[in-house]
Amino acid sequence: MKIPIYYKPEVCADSKGKENAVTTHLHLGAGGALCATDGKIVFVLMTSETQNDVGGPIPVEAIRMARKLADLDDAPEIELVCHANEIRVMRNGNIAVTVARPRVEGKFPDWKAMQSATEQKLLGSDFGSPAFAVNEPSLAKARRALGSKSIILKNTPEDAPILVTCPGREIGKCFIIKADVNAPAEGSEGKKKKGKKGDATKPFDSMNLPAESARVEIKVVKAKEPKVKAGRTTKLRRI
């Protein structure tokens, strides 16, 4: 599998999720489609030379290692060979690093269904309002993943995801779940409410991504109060 150096699919994975969650890994699917998601954004890249690759999860570390080696050699692409039990990071046609293939819980989002729904909404649609809201961190991730300062946003009516593409680059694309256009801006009402990690995957519940597979359980442990030893007291005598 070869990936042009300017594409960065790893930025769309969840770096703070559970080790075995689908959101913390990339996924190589049919036809060489490399996918990454954090629960709010789905990045899809059609890779090349995948005839010898086995589909399945790919650790983010493998992509990062391949990118470092490509940067050292000023190579235009990063190269991986995906076997059933391991990922081989290649350098100049030779095996540089071998990474064990992880086992993950849950399913990756069905990006083909998302693309089909998005295209159907775009074709012949009559927008009642051009306004839409999008999560800024997701938009920033899309720009970094596509490797361009210029991006194209294609809005869709109803609940279809926003399609994000890059001018002149056809093999990579992102789908971003819309935010509530009527919701108050974050930070405008005092402190931001703390939510459970993993709640961000809820928008994908209807897209074959079980929210519970990407949730992180947070255990709150009450700190014990330190024991204070009673000190000696000195009695003062009257003179």
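This is a predicted model: local features need pLDDT of at least 70, side-chain atom pairs count only at pLDDT 80 or more; totals for chains, interfaces and linings use all residues.
I began with D73, which counts as partly exposed because its relative accessibility is 30%. My cut-offs: buried is under 20% relative accessible area, exposed is over 50%, and partly exposed is in between (1.4 Å probe, protein chains only).

Residues are numbered from 1 along each chain as its sequence is written, and side-chain values use heavy atoms, with hydrogens and water left out.

**Salt bridges**

I searched the whole structure and got five salt bridges, each meaning a side-chain nitrogen of Lys or Arg within 4 Å of a carboxyl oxygen of Asp or Glu. D73 is in one of them, with R91, and the closest N and O atoms are 2.9 Å apart. That pair links distant parts of the chain, D73 being in helix 1 and R91 in strand 7, 18 residues apart. R91 has a relative accessible area of 32%, so I put it down as partly exposed.

Next I looked at R67, which bridges to E10 with the closest N and O atoms 2.7 Å apart. Here R67 sits in helix 1 and E10 in the loop between strand 1 and strand 2, 57 residues apart. Are R67 and E10 buried or exposed? Both are buried.

I also checked E49, which pairs with K2 at 3.6 Å between the closest N and O atoms. E49 is in the loop between strand 4 and strand 5 and K2 is in strand 1, so this bridge ties together parts 47 residues apart in sequence. E49 counts as partly exposed because its relative accessibility is 48%.

**Helix 1**

I took helices (H or I, at least four residues) and strands (E, at least two) as DSSP runs numbered from the N terminus. Just after the helix, D74 has a positive phi of about 55 degrees.

**Sheet**

I traced seven strands in an open antiparallel sheet, in the order 5-2-3-4-12-11-10. Strands pair if DSSP finds at least two bridges between them. Strand 4 (41-46) and strand 12 (169-176) have five bridges, antiparallel, with F43 opposite C174 in strand 12. Helix 1 packs on the sheet, touching strand 2 and strand 5, and its direction makes about 55 degrees with that of strand 5. For that angle, axes are lines fitted to C-alpha atoms, for helices over the stretch in contact, and angles run from 0 to 180 degrees between N-to-C directions.

**Cores**

Which residues have the most contacts inside the largest nonpolar core? M1, I3, F43, I58 and L80 do, in a core of 35 residues. Helix 1 gives the most to this core, six residues. A separate second core of eight residues includes C35, V44, M114 and L163. A core here is a set of buried Ala, Val, Leu, Ile, Met, Phe, Trp, Tyr and Cys residues joined through side-chain atoms within 4.5 Å.

Methods: Contact means heavy atoms within 4.5 Å.
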